[in-house]
Amino acid sequence: MKFGIVVFPGSNCDADCYHVATDLLGCEADYIWHQETDLKGADAVILPGGFAYGDYLRAGALARFSPVMESVAAFAREGGAVLGICNGFQVLLEAGLLPGAMQINRGLRYVCADVHMRVENDGTPFTALYPKGSVVTMPVGHMEGNYTAPPEVLDALEREGRVVFRYCDRDGKVVDSANPNGAARGIAGICNAQGNVVGLMPHPDRCSEGILGNAAGIKMFESAVSALATR
Amino acid sequence: MKVEVRVYPKAGVLDPQGKAIASALSRLGHRAVRDVRAGKVFFIEVDGSDPRAVEADARKMAEELLANTVIEGFDVRVTG
């Protein structure tokens, strides 16, 4: 099992993802510089958090024109597992690999906090080990996490079970006060129609071992290992 | 030639920035302000002499990169 971790100029969680994949899971991993087009035989590709291209113009808007993104799109089309975390999620949206767009947080402030999310879809390669309906706590750190899409797109996401995580209170209730950024329908993460491309704003890479005080995120990576190892 | 592209939140799309500016203006005493929407302007210089071709080109730029058409509208004006 090998993870490919894309590095844009301005990515800053690439080393965290590499650490989780190699030191914690004992998997192979390779960094893939954004100018490269070879995914180096990765079984799963991660677009990490950070500020690709300084978030100039819009978060993710310039990163999507990097040469590597054509390879990532082709990999995704063939069913390859792709995970976008935070800025990586924003890149997936701008690249059109996931529907919708991000707006600035409704409070107009950068939000850095632990949030609770309800697992709405346990059928993706990155969520298979989380029981559906369970509550997972992960940290967020972002300025543009206010997910939005036209109403018909939101309806389709709901109907097709493509909302993967939803912000909720600690008891799993989706209430506005638990929504850190104003995201439509409390959406924290979504997947594509095939379920192989997943994006979320919270950071599983920042909560994957006990020494960090929270190891809830490791299951996202373990899910990929178990889903892809049995392929 | 010179061309301007204005990019702004689509009508109906929540614009938290515009809302914050509107309330700040109101606090400053500009009580007549009813609504503000905040956008961006790109001043672009291009080679060419046919205003229609320049406009068409700028539209393409807006659709491909300058605007995220999920949430933003745009207009294009050749200015000289």
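**View 1. The buried residues of helix 2 of chain B are B:Ala58, B:Ala62 and B:Leu66.** Around the axis these residues cover an arc of only 50 degrees, which puts them on the same side of helix 2 of chain B. An α-helix has 3.6 residues a turn, so residues three or four places apart point the same way. The elements that cover the buried residues of helix 2 of chain B include strand 1 (2-9), strand 2 and strand 3 (72-78) of chain B. On the face turned away from the buried side, helix 2 of chain B carries the exposed residues B:Arg52, B:Ala56, B:Lys60, B:Glu63 and B:Glu64. Between its end C-alpha atoms, helix 2 (residues 51-66) of chain B spans only 20 Å, whereas a straight helix of 16 residues would span 22 Å at 1.5 Å a residue. As in every view here, the model shown is predicted.

**View 2. Chain B contains 2 helices and 3 strands.** Along the sequence, these elements of chain B follow the pattern β-α-β-α-β. The radius of gyration of chain B is 16 Å, well over the 12 Å that the globule rule gives for 80 residues, so chain B is more spread out than a compact globule. Taken along the principal axes, the box filled by the C-alpha atoms of chain B is roughly 45 × 25 × 15 Å. Of the 80 residues in chain B, 14% count as buried. Among contacts in chain B between residues at least 6 apart in sequence, 67% join residues at least 24 apart.

**View 3. Helix 1 (residues 14-24) of chain A has the buried residues A:Asp14, A:Asp16, A:Cys17, A:Val20 and A:Ala21.** The cover over the buried residues of helix 1 of chain A includes strand 1 (2-7), strand 2 (28-33), strand 3 (44-47) and helix 5 (218-229) of chain A. Just after helix 1 of chain A, A:Gly26 adopts a positive phi of about 70 degrees.

**View 4. The contact between the chains involves 11 residues from chain A and 9 residues from chain B.** By class, the side of chain A that touches chain B comprises 5 nonpolar, 3 polar and 3 charged residues. For the model, the ipTM is 0.83 and the pTM is 0.94.

**View 5. The mean pLDDT of chain B is 95, and 100% of its residues score at least 70.** Among the elements of chain B, the lowest mean pLDDT (92) belongs to helix 1 (residues 16-27) of chain B, and the highest (98) to strand 2 (residues 40-45) of chain B.

Conventions: Residues numbered from 1 in each chain as written. Chains lettered and ligands numbered in written order. Predicted model: local features only at pLDDT ≥ 70, side-chain atom pairs only at ≥ 80, totals over all residues. pLDDT = per-residue confidence, 0-100. Helix = DSSP H or I, 4+ residues; strand = E, 2+ residues; numbered from the N terminus. Expected span 1.5 Å × (residues − 1). Buried ≥ 20, exposed ≤ 12 C-beta atoms within 10 Å, placed from the backbone. Arc of directions from axis to C-beta. Contact = placed C-beta atoms within 7 Å. Nonpolar A, V, L, I, M, F, W, Y, C, P; charged D, E, K, R; others polar. Rg over C-alpha atoms; globule rule 2.2 N^0.38 Å.
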